[in-house]
Amino acid sequence: MTDLTTIDRVNKGLKRRYRSERRFRLYGILAIALALGFLAFLLGKVFMEGMSAFQKTEISVRIYLDPMVIDPGGTRAKAALSKADYQGLIRKSLRAVFPDVKNRRDRRLLSKLLSMGAGFNLRKEVLDDPGLIGKTLTVWTLASDEVDMAFKENSSFDESVKSQGINARQSAWLRDLKGRGLIREVFNKSFFFSGDSREPELAGIGGAVMGSFLSLAVTLALSFPLGAMTAVYLEEFAPKNRWTEIIEVNINNLASVPSIIFGLLGLSVFLNVFNMNRSSPMVGGLVLALMTLPTVIIAGRAALKSVPPSIREAALSVGASPLQAVFHHVLPLSMPGMLTGAIIGMARALGETAPLLMIGMVAFIVDVPKGFLDPATALPVQIFLWADSPERAFEEKTAAAIVILLGFLVCMNLIAVIMRKRFERKW
Amino acid sequence: MTPIAVQSNDLEPTILKTGQTPRPERRGSSTEKETITHARSITARGVNVFYGDKQALKDINLDVQSNMVTALIGPSGCGKSTFIRCFNRMNDIIDGCRVEGEITLNGENIYAKGIDVVALRARVGMVFQKPNPFPKSIYENVAYGPRIHGLARGRAEMDDIVMSSLDRAGLIDEVRDRLDAPGTSLSGGQQQRLCIARAIAVEPEVILMDEPCSALDPIATAKVEELMDELKKNYTIVIVTHSMHQAARVSQWIAFFHLGDLVEQGETEQIFTNPEDDRTQAYITGRIG
C-alpha cells in the first residue's frame with residue numbers, strides 16, 4: 001500500500017474519473033432525448049389533429065337558378081338578388097338527388113347535411129355574374145361540419161362506425177353520395193382568408209391573422225424606435241447616477257411584470273381615459289408595445305455593450321463628436337443585436353393572449369379587419385376562443401390555428417437567426 | 001531659455017522660440033530642412049489625475065517638444081497611459097476620472113472652460129495599444145476623419161488625402177489595389193499602420209501613441225518605429241512604451257513614471273547612461289518593472 005508511486009495513484013483514480021465523465025454525458029444525452037421526445041410528441045399531436053382542418057368536404061348538386069325564386073321582380077337589382085333564398089335552392093336540389101325522401105323529418109335531416117354557409121357562396125357567385133340566373137349549374141357546395149368530421153374519420157361512411165351528429169339514415173345517404181361520386185374532400189382555401197364563424201366549417205383564421213399582423217405592426221413601429229433610442233441614451237449618453245440607476249432597475253422589473261397587468265393598464269388608460277376603439281389592433285398594438293418595450297431596451301443595451309470600446313475610442317480620437325461616434329460606428333455595429341432583440345420581443349407579443357383579453361380583442365368578430373381601428377382578434381385569442389367552443393369540429397380548427405401560430409413564430413425566430421448570422425462582424 | 005537652432009540629427013531638445021509653432025507642412029512635403037525647430041508643444045503643470053478617490057498621477061510637470069519623440073516609460077500601473085490620455089482628453093469618457101492642473105497645447109490650456117474637445121482631438125491624434133480599425137473598408141477608415149471635419153471638397157481631394165496618408169504611413173504599396181477590402185482583413189502590423197494613417201489624415205499637430213507596438217511582432221514593430229522616425233519631422237509624437245529598447249531606439253526625450261510620480265525626465269541618452277534617480281536606474285536595468 002505504502003509503496004504506491006504517484007503515477008500508480010493517478011492511474012487508479014483515472015478509471016473512476018473517466019467513468020464519471022461517461023456517466024455525466026449519458027445523463028446529458030438522456031435529458032436532451034427526453035426533452036426532444038416531449039416536444040416531438042406535442043408537435044406531432046398538434047400537427048396530426050390540425051392537418052385535417054386544411055381539408056373541407058363538399059357535396060355536388062345540380063342547381064336550377066330559378067328566376068322566380070332569385071329575382072321575382074325581374075329587375076336584376078343587387079338588393080333583390082342578395083335577399084333571395086339560395087340556401088332553399090340548394091336544399092331543393094339536394095332533395096332532387098334523393099326523390100324518395102318525402103316526410104318532413106327526413107327532409108330536415110337531409111338538409112342538415114349541408115352547411116348553413118352553402119347559400120352564401122352561391123349568392124356570391126350569382127351576384128358576381130347575374131347572367132347565371134335561369135341556368136342550371138353543377139355546384140360543389142359546402143357540407144356541414146358533422147358530415148365533414150364523419151368523412152374525415154370514416155371516408156366510406158361505414159355503418160359500423162358511429163359518427164357524432166350523423167344518424168343511420170344520414171349515413172346511408174352519404175354512402176349513396178359517395179357511391180355516386182357526389183361528395184369529395186378539397187383543400188380548404190377559405191380557412192386562411194375568412195373570419196371567425198359560429199359554423200366550424202365556415203370559420204377561418206384570416207381575421208385573426210390580419211388582427212395579429214395589424215397589432216404587431218403598431219407594436220413594432222412603436223417599440224423598436226422607442227426602445228432603440230432609450231437604449232442608446234441610457235448606454236451611451238446618460239450620466240451614471242442614482243436616477244439612471246433607478247430607471248435601469250425599473251426597466252428590468254417591467255420586463256418581468258405579468259402581461260395581464262399591461263392589459264389592465266391598456267384598459268384603464270387607452271380605453272377609459274382616451275376612449276380609443278375597443279377591440280382594435282391599435283389599442284392591442286399599444287398594449288403589446290408597452291409589454292415589449294423593456295425587452296427591446298434590454299436587448300438593445302446588451303447589443304451596444306457588446307461593441308468593443310476601442311471602436312468608440314477610435315472614432316472619438318479622430319475627432320468625431322459623441323453623437324457621430326454612436327451613429328456612425330456603434331449603432332450600425334449593434335443593429336443586428338438590436339433587431340434580433342426586437343424580433344424576439346415581437347414573437348413574444350405575437351403569442352400573447354392575456355393583455356388582449358383585457359382590451360376586448362376576445363370578441364366574436366366575423367369580419368376580417370381592414371384597418372387599425374376595426375374590431376379584431378388575434379391568433380392566440382382565436383385559439384383560446386375555438387378551444388372553448390363546444391362543436392367537435394372546432395377541435396381540429398384549434399389545432400390548425402396552433403400550427404399556423406407556431407409557423408409564424410418559427411419564421412420570426414428564423415429571421416432573427418439569419419439576421420444575426422448575416423450581420424455578425426468580427427473585429 | 002536661449003533660442004538656438006539645432007541640426008536635424010542633433011538630439012538636443014532646445015527652444016527656438018516659444019509660443020505658436022508653425023503648423024507642420026501639409027502632407028507630402030518632403031523637402032528636408034536643414035534645421036528642425038524644437039518648440040514647446042505641450043506643457044503640463046501640476047497635473048493630478050484621480051479615478052474616484054484614488055490618485056493616479058501626482059503633480060506632474062512635463063514639457064513635450066515639437067518635432068521629436070517623447071517616450072513615457074515606467075512599470076505597469078504607473079500612470080503613463082493615464083497621462084498620455086490627458087493630452088487629448090480621452091479621460092473625459094471614463095466615469096469618475098478627474099484631471100487637475102494645467103495642460104497647454106501651443107500655449108492654450110486644453111482643460112480651460114470653453115475648449116471644444118472635438119476640435120482638440122482633431123489637433124491631437126491618437127494611436128492605441130490594440131489596432132482598432134473600423135470594421136469598414138481601408139479607404140473609409142482613413143477618409144472618416146477628414147470627412148467628418150469637412151477637410152475635402154469632392155471625391156478627388158478625398159482620394160488625395162487618403163492616398164497620401166496611406167503613403168506617409170508606409171502602407172500604400174501593400175493596400176493600393178485593395179482599398180475596398182475591410183480594414184480588419186489586414187495583418188496586425190498593417191492594421192496599426194492603418195490606424196496611424198487614419199490619425200494623420202486629419203493633420204493633427206501631435207500624435208499620441210499608447211504602446212503602439214505591444215501587439216505586434218518584431219518586424220511590424222520595426223516598421224512602425226521607422227515610421228515614427230519619419231513622422232517626427234512633421235509632427236510632435238508622444239509614445240507610451242513598455243520596451244526599454246524601443247524607447248532607446250525611437251525617442252529623444254524620456255520621462256520615467258513610477259507609482260503616479262514623474263520620477264525623472266531627460267534626454268534619452270542621459271537617462272540611459274546616467275540616470276539620477278535610483279528607481280530609474282533600477283527600472284532601466286531591469287530590476288523593477
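Reader: In chain B, where is confidence lowest and where is it highest?
Author: This is a predicted model. In chain B, confidence is lowest in strand β1 (residues 6-7), with a mean of 41. Strand β10 (residues 236-240) of chain B is the highest, at 94.

Reader: And residues 1-34 of chain B, what's the pLDDT there?
Author: Below 50 over that stretch. Beyond near neighbours in sequence, residues 1-34 of chain B still have 55 contacts in the model.

Reader: What does chain B average?
Author: A pLDDT of 84. In chain B, 86% of the residues score at least 70.

Reader: What are the ipTM and pTM?
Author: ipTM is 0.81 and pTM is 0.80.

Reader: OK, sheets. What's the strand order in the open sheet of 6 strands in chain B?
Author: β8-β9-β10-β5-β11-β12, with mixed pairing.

Reader: Which are the edge strands?
Author: β8 (124-127) and β12 (261-267) of chain B. Each pairs on one side only.

Reader: How much twist, on average?
Author: 15° from one strand to the next.

Reader: Which helix packs on the sheet, touching β8 and β9 of chain B?
Author: That is α6(B). The direction of α6(B) makes about 170° with that of β8(B).

Reader: Do β9 and β10 of chain B run parallel or antiparallel?
Author: Parallel. Strand β9 (residues 206-210) of chain B is joined to β10(B) by 5 bridges. One pair to look at: B:Asp210 has B:Val240 in β10(B) as its bridge partner.

Reader: Now β3 and β4 of chain B. How many residues sit between them in the hairpin?
Author: 2 residues. B:Gly52 is in the turn, with a positive phi of about 65°. Strands β3 (residues 40-51) and β4 (residues 54-65) of chain B pair in the antiparallel sense, over 8 bridges. B:Ile42 has B:Val64 in β4(B) as its bridge partner.

Reader: Which strand do the other 8 bridges of β3(B) reach, running antiparallel?
Author: Strand β6 (residues 97-105) of chain B. There, B:Ala44 stands opposite B:Ile103.

Reader: Switching to helices. Which residues of α3 in chain B are buried?
Author: Helix α3 spans residues 138-149 of chain B. Its buried residues are B:Ile138, B:Asn141, B:Val142, B:Ala143, B:Tyr144, B:Gly145 and B:Pro146.

Reader: What covers them?
Author: The cover includes α4 (154-168), α5 (172-175) and α6 (188-200) of chain B.

Reader: On to the contact between chains A and B. How many residues from each?
Author: 17 residues from chain A and 22 residues from chain B. On the side of chain A that touches chain B, the elements giving two or more residues are α14 (309-317) and α15 (322-350) of chain A. α14(A) gives the most, with 6 residues.

Reader: How does that side of chain A divide by class?
Author: Into 7 nonpolar, 6 polar and 4 charged residues.

Reader: Last one. What domains is chain A divided into?
Author: Domain 1 (54-188) and domain 2 (206-423). Their centres, taken over C-alpha atoms, are separated by 46 Å.

Reader: How many residues does each domain of chain A give to the contact?
Author: Domain 1 of chain A gives 5 residues and domain 2 of chain A gives 4 residues. The side of domain 1 that touches domain 2 has 2 nonpolar, 1 polar and 2 charged residues.

Definitions and conventions. Residues are numbered from 1 along each chain as its sequence is written. Chains are lettered from A and ligands numbered from 1 in the order in which they are written. This is a predicted model: local features need pLDDT of at least 70, side-chain atom pairs count only at pLDDT 80 or more; totals for chains, interfaces and linings use all residues. A residue is buried if 20 or more other C-beta atoms lie within 10 Å of its own, exposed if 12 or fewer, and partly exposed in between; C-beta atoms are placed from the backbone. Helices (H or I, at least four residues) and strands (E, at least two) are DSSP runs, numbered from the N terminus. Two residues are in contact if their C-beta atoms, placed from the backbone, lie within 7 Å. Ala, Val, Leu, Ile, Met, Phe, Trp, Tyr, Cys and Pro count as nonpolar, Asp, Glu, Lys and Arg as charged, and the others, Gly among them, as polar. pLDDT is the predictor's confidence in each residue, from 0 to 100. Two strands pair if DSSP finds at least two bridges between them. Axes are lines fitted to C-alpha atoms, for helices over the stretch in contact, and angles run from 0 to 180 degrees between N-to-C directions. Domain bounds come from an automatic or database domain assignment.
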